[in-house]
Amino acid sequence: MTIVHHPPDELLTAFAAGMLDLGQHIAVATHLTGCRHCRRVVHAMEHVGGGVLTALPATAMSPGALAAVETRLDGLAPAVATGLRKAATGITDVPGLPPFVRDYPSSSWKWIAPKVHLRPIRMPEASATRVFLLKSQPGTKMIEHTHTGFEMTCILTGSFAHAGGHFGPGDFDFGDGATDHEVMIDSSEDCICLVAMQGELKLNGIIGRLLQPLIRM
Ligand SMILES: [Zn+2]
């Protein structure tokens, strides 16, 4: 697997600093599982961040701080148990999906456009970022579209091309609202991607406007 496209540095920095929401975190972590280069970058950033923390002057803890942390940990216990129960209905039939994502519950594939199916991944906690799997058949030309927010795409199988380059397994494609996407699936197998997205997808052109009411992500 030769990885050509990586997340922007700002995104890796935010990941290392723990500033991403769960949906964004899943997308970047999916890329990191297959990309040694980005894992090294993140480790270097974490090392720098740890050095900054170590250099800060020591501050006395407020009275009751330890008890407050213990109370919060007690409150987390039911959520962990719920997560384990949901793992029984996780995703076991998608090649290339990292093991940590397979544990999330998901519904079945649903048709959203000709030759394109979508499978939502349910988050255990509220997240402004939606995560889903997108499966496109070979030869599919995705309808030209833009976003009102950002879109992170991790390619699991197959490949596609658009004006930004050619993307294959392990690659990471970051699009923001300014990106015009006209995507062509150019692999001989299904192209399956993990997508984290905020905002809405806006389809362009007459066909896009006809299909727009059918798109429910
Ligand atoms: Zn990378």
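The structure, a predicted model, holds 2 aromatic pairs, a pair being rings of Phe, Tyr or Trp (its six-membered ring) with centres within 6.5 Å, where planes under 30 degrees apart count as stacked, over 60 as edge-to-face and the rest as tilted. Because the rings of Phe150 and Phe174 have centres 6.3 Å apart and planes at 15 degrees, that pair is stacked. Phe150 lies in the loop between strand 4 (145-147) and strand 5 (151-157), and Phe174 in strand 8 (residues 172-175), so the pair ties together parts that are 24 residues apart in sequence; strands are DSSP runs (E, at least two residues), numbered from the N terminus. Phe150 counts as buried because its relative accessibility is 13%, whereas Phe174, at 34%, counts as partly exposed (buried means under 20% relative accessible area, exposed over 50%, partly exposed in between, with a 1.4 Å probe and protein chains only).

Phe160 and Phe167 also form a stacked pair, with 5.3 Å from centre to centre and 25 degrees between the planes. Phe160 is buried at 5% relative accessibility, and Phe167 is buried at 3%.

Turning to the serine, Ser187 is found in the loop between strand 9 (184-185) and strand 10 (191-197), and at 12% relative accessibility Ser187 counts as buried. Leaving aside residues up to four places away in sequence, Ser187 touches Pro138, Gly158 and Ser159, contact meaning heavy atoms within 4.5 Å.

Residues are numbered from 1 along each chain as its sequence is written. In this predicted model, local features need pLDDT of at least 70, side-chain atom pairs count only at pLDDT 80 or more, and totals for chains, interfaces and linings use all residues, while side-chain values use heavy atoms, leaving out hydrogens and water.

Technical notes. Helices (H or I, at least four residues) and strands (E, at least two) are DSSP runs, numbered from the N terminus.
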